[in-house]
Amino acid sequence: MAQDTEEYSPDAPGATTGVGIMPQGKIAWETGVGLEWDKRNGEHARTFTINTSMFRLGLTPQAEVRLQIDECITHTPEGNFGGIANATIGTKIKVYEGGKILPKIAFMGTMLIPGGSNAHYLPKHLGFQAHLLFENELSSKFTLGYDLGGEWNGDTESPDLFFGANLTYQPSERWSFFVESYNRYNSKRQDDWAKPGQDSHFNFMSEVGVDYKVSPRLHLNTFYDISFNEFSRYSNIGLGIAWLIN
């Protein structure tokens, strides 16, 4: 959906990110709650996202500033813990407006703020993510987005290579449905991506979701994630609100 001074297209939900830039001087708050159930690799953890908040500020007609902070509580058989689960600052920059065949293109850079040795979720060292975002309008109702990037989380020797593809169907002005596949590859083994006693270089994930535009400034959304590495041992569900504040 096109962005203008009266309405905007939220980035939430979804693991892939759209190419849209916030209008200059406009601020959006995209927030929500979620529940993650994870028994991959023999683990048994339930993580409640108490609040995820992404603030987007249109800095120029070509760029926006992005601030995100998440708070979570995790329950495991060994005990419970909680705190800030994600803290980032970044930007999204328009690169190319697109053409009849060529896609729209944007760049997104994100800095992951470390939490030190005592943090349960945050990396111990500074992390960085760099993504190229693409979008093709297939028809008046279908849009294909794809997302390529590298992610250094601050704790691993080598970065994750990220690839995501998102197909969105918008049957009306208010309703929008999407399905996406988002995947990571790491040249080093990732025990938490695999079955017990094994390791895997690939993490295969998928998500479906719905967005409902209550008004040009207010959207409601919901999503559901699964893991194809261990299909029956992971799920993640959430509800959210996206609000154009000014």
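This report describes strand pairing, salt bridges and selected residues in a predicted model.

## Basis of the description

The model is predicted, so that local features need pLDDT of at least 70 and side-chain atom pairs count only at pLDDT 80 or more, while totals for chains, interfaces and linings use all residues. Residues are numbered from 1 along each chain as its sequence is written, and side-chain values use heavy atoms, with hydrogens and water left out.

Strands are named here by their order from the N terminus (helices, H or I, are DSSP runs of at least four residues, and strands, E, of at least two). Two strands are said to pair if DSSP finds at least two bridges between them. Strand E2 (residues 45-60) runs antiparallel to strand E3 (residues 63-76), and 13 bridges join them. Within this pairing, threonine 49 has cysteine 72 in E3 as its bridge partner. The two strands form a hairpin, with two residues between E2 and E3.

E3 is also joined to strand E4 (residues 79-96), by 14 bridges and again in an antiparallel arrangement. Here isoleucine 73 stands opposite glycine 82 in E4. A hairpin with two residues between the strands is formed by E3 and E4.

Strand E11 (residues 218-227) is antiparallel to E10, to which 10 bridges join it. Aspartate 211 has asparagine 221 in E11 as its bridge partner, and two residues connect E10 to E11 in a hairpin. E11 pairs in the antiparallel sense with strand E12 (residues 234-244) over nine bridges.

## Salt bridges

The structure holds 13 salt bridges, each defined as a side-chain nitrogen of Lys or Arg within 4 Å of a carboxyl oxygen of Asp or Glu. One of them joins aspartate 11 to lysine 92, with the closest N and O atoms 3.1 Å apart. This pair links distant parts of the chain, as aspartate 11 lies in the segment before E1 and lysine 92 in strand E4, 81 residues apart. For accessibility, buried means under 20% relative accessible area, exposed over 50%, and partly exposed in between (1.4 Å probe, protein chains only). Aspartate 11 counts as buried because its relative accessibility is 12%, and lysine 92 is buried at 0%. Both residues belong to a network of salt bridges that links Asp11, Glu30, Arg56, Glu64, Arg66 and Lys92.

Glutamate 137 and lysine 104 also meet through their side chains in a salt bridge (3.4 Å, N to O). This pair too links distant parts of the chain: glutamate 137 is in strand E6 (residues 127-137) and lysine 104 in strand E5 (residues 104-112), 33 residues apart. Glutamate 137 counts as exposed at 56% relative accessibility, and lysine 104 as partly exposed at 28%. A further salt bridge is formed by glutamate 97 and lysine 94, whose closest N and O atoms are 3.3 Å apart. Glutamate 97 is exposed, at a relative accessible area of 52%, and lysine 94 is partly exposed, at 26%.

Glutamate 207 is found in strand E10 (residues 200-215). This residue is buried yet has no salt bridge, and the nearest side chain of opposite charge, that of arginine 184, is 9.6 Å away. In this assignment Lys and Arg count as positive and Asp and Glu as negative, while His and the chain ends are not counted. A polar atom of the glutamate 207 side chain lies 3.1 Å from the backbone nitrogen of glycine 14.

Contact means heavy atoms within 4.5 Å. Proline 13 is found in the segment before strand E1 (27-38), and a cis peptide bond with omega of about -5 degrees joins alanine 12 to proline 13. Most peptide bonds are trans.

## Histidine 120

Histidine 120 is placed in the loop between E5 and E6 and is exposed, with a relative accessible area of 52%. Not counting residues up to four places away in sequence, histidine 120 touches Phe81 and Gly82. The C-alpha atoms of histidine 120 and glycine 82 are separated by 7.2 Å, although the two residues are 38 apart along the chain.

Key. A polar contact is a pair of N or O atoms within 3.5 Å; within protein, one must be able to donate a hydrogen and the other to accept it, and residues adjacent in sequence count only if both atoms are side-chain atoms.
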